[in-house]
Amino acid sequence: MAAHTREFFSWGKASTVAPLPFERQTLIVVKLKGVFMLYRPYGKTGKRISVISAGGMRFRDCADSAGIERAAQILVHAYRKGINYFDTAPYYCGDRSEEIVGTALKELPPNQVYVSTKCTAASGADLRRSLEKSLQRLGLDRIHFFHIWCLIRPEEWAERTAGGAIEAAFRAKEEGLIEHVVASTHMNGDDTAQLIEKGVFEGLTIGYNAINFPFRQKAVEAAEKAGLGLVIMNPLAGGLIPQNGRRFDFIRSPHDPDVVTAALRFLVSQSAITSALVGFSCEEEVDHAVDALTGFEPYDAAFIERMKKRIESHFDQLCTGCGYCLPCPQNIPIPKYMDSYNHLILDGRDQAVLDRLKWHWDLGASGSSDCVACGQCETACTQHLPIVQRLQRIAALPDAPAPEEP
Ligand code: SF4
Ligand code: SF4
């Protein structure tokens with residue numbers, strides 16, 4: 001904790017968000033009535049964000065109003081656990097996510113939670129329409145953090161600029177409809193660092209976790225140097241870490257009860273990271289994530305470096321299941337095949353791929369041979385995976401039934 005200063009204050013004060021000078025990069029601790037939460041300043045915005053934040057992309061069964069209300073209650077629960085940053089977007093959860101967040105906000109005291117949403121449009125007019133729809137569905141008169149969404153390639157910056165989307169976002173900010181214009185990107189560390197150098201955004205959301213951190217480490221360092229807020233999506237590698245607890249056991253310190261806790265603490269310990277965005281599908285997942293902080297002293301820098309070296313030597317190039325490679329013109333369910341390939345990387349046996357395909361996805365290896373190598377998915381892949389090569393490898397496996405259910 002040497003790098004941080006701690007403050008203790010009441011839950012009531014913590015939830016009344018006051019401007020904070022950027023110079024005070026303080027880790028705030030709130031302990032009251034069973035709530036234990038840490039808060040960090042989001043860059044230079046003067047806003048403090050809980051180090052665990054709520055992602056709105058993994059709600060289940062929310063097609064009707066009852067499902068929307070059930071999902072909203074997960075966010076209400078998250079708020080009661082001290083989480084004050086809700087991330088959503090159009091199209092998440094069958095395009096219901098913004099409505100779910102709006103429903104939750106109606107049940108919470110006003111002005112207690114910061115809301116993030118997004119837009120992929122390149123055209124200024126389209127961005128404006130999307131923003132207005134988001135405001136209406138969220139029931140807000142302004143978005144706290146509005147993301148220029150999913151910059152996968154450096155050229156997309158030019159496209160969004162030429163199309164007028166960037167200008168439209170800043171015009172909306174001047175009108176008071178947006179408080180902070182930020183971006184989410186799946187570019188590698190070097191390209192993201194160049195984006196940061198443009199000095200346009202107040203913060204970034206990037207995919208970074210205990211598995212893929214080398215791919216974007218330069219982005220984390222550049223964001224810290226520039227004083228940007230930094231929210232981390234995919235902190236659990238799209239479920240891969242909890243699903244392979246034994247494999248990833250080495251990331252635990254003696255004080256971490258499980259790998260999920262270890263993976264979140266790995267992120268929270270890094271002062272450059274404002275918050276880890278966890279997609280919740282039930283209250284128990286909220287509790288599990290928040291419990292990772294209970295009584296927690298952030299790892300020191302030497303521990304984090306040792307952890308990084310060890311992980312770096314073991315794992316990279318894993319699919320996070322983000323789905324950005326879809327749709328495939330051949331209708332290949334690419335994330336399911338790449339998820340199965342992860343099991344080959346993690347397990348080392350061809351049978352691990354066949355078992356995963358058959359018992360988890362109800363697929364055969366031969367389905368991957370439909371790929372015509374158009375390359376579209378590889379251009380879109382957030383992890384820059386050699387998808388075609390991996391599909392060819394899977395297609396070469398015997399499509400015999402797996403011997404028995406694991
Ligand atoms: S390269 Fe293959 S898997 Fe990828 S989009 Fe094209 S056909 Fe689909
Ligand atoms: S193959 Fe790439 S884009 Fe597709 S789900 Fe995996 S990581 Fe995401």
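This is a predicted model: local features need pLDDT of at least 70, side-chain atom pairs count only at pLDDT 80 or more; totals for chains, interfaces and linings use all residues.
Modeller: Two strands pair if DSSP finds at least two bridges between them. Helices (H or I, at least four residues) and strands (E, at least two) are themselves DSSP runs, numbered from the N terminus.

Colleague: Okay, so what makes β11 and β12 a pair?

Modeller: Two bridges join β11 to strand β12 (residues 275-279), and the two run parallel. At least two is what the definition asks for, so they pair. Residues are numbered from 1 along each chain as its sequence is written, while chains are lettered from A and ligands numbered from 1 in the order in which they are written.

Colleague: Which strand pairs with β11 over five bridges?

Modeller: That's β10 (residues 203-207), also in the parallel sense. There, G207 has M233 of β11 as its bridge partner.

Colleague: Why is β11 called largely enclosed?

Modeller: A residue is buried if 20 or more other C-beta atoms (placed from the backbone) lie within 10 Å of its own, exposed if 12 or fewer, and partly exposed in between. Five of the five residues of β11 (residues 229-233) are buried, so the rest of the structure largely encloses it. Both faces are covered: G229, V231 and M233 on one side, L230 and I232 on the other.

Colleague: And what makes something a nonpolar core?

Modeller: It's a set of buried Ala, Val, Leu, Ile, Met, Phe, Trp, Tyr and Cys residues joined through C-beta atoms within 7 Å. The largest one here has 115 residues, and I232, I241, A263 and A276 have the most contacts inside it. Helix α11 (residues 259-268) gives the most to this core, eight residues.

Colleague: How do you know where this core lies relative to the domains?

Modeller: Domain 1 (6-314) and domain 2 (318-406) both give residues to it, so it lies between them. The bounds come from an automatic or database domain assignment.

Colleague: What puts a residue in the shell around ligand 1?

Modeller: Its C-beta atom, placed from the backbone, has to lie within 6 Å of the molecule. For ligand 1, 15 residues surround it, with C328, C371, C374, Q376 and C377 closest. Helix α17 gives the most, three residues.

Colleague: Which residues come nearest to ligand 2?

Modeller: Of the 15 around it, C319, C322, C325, P335 and C381 do. Helix α14 (residues 334-347) gives the most to that shell, with three residues.
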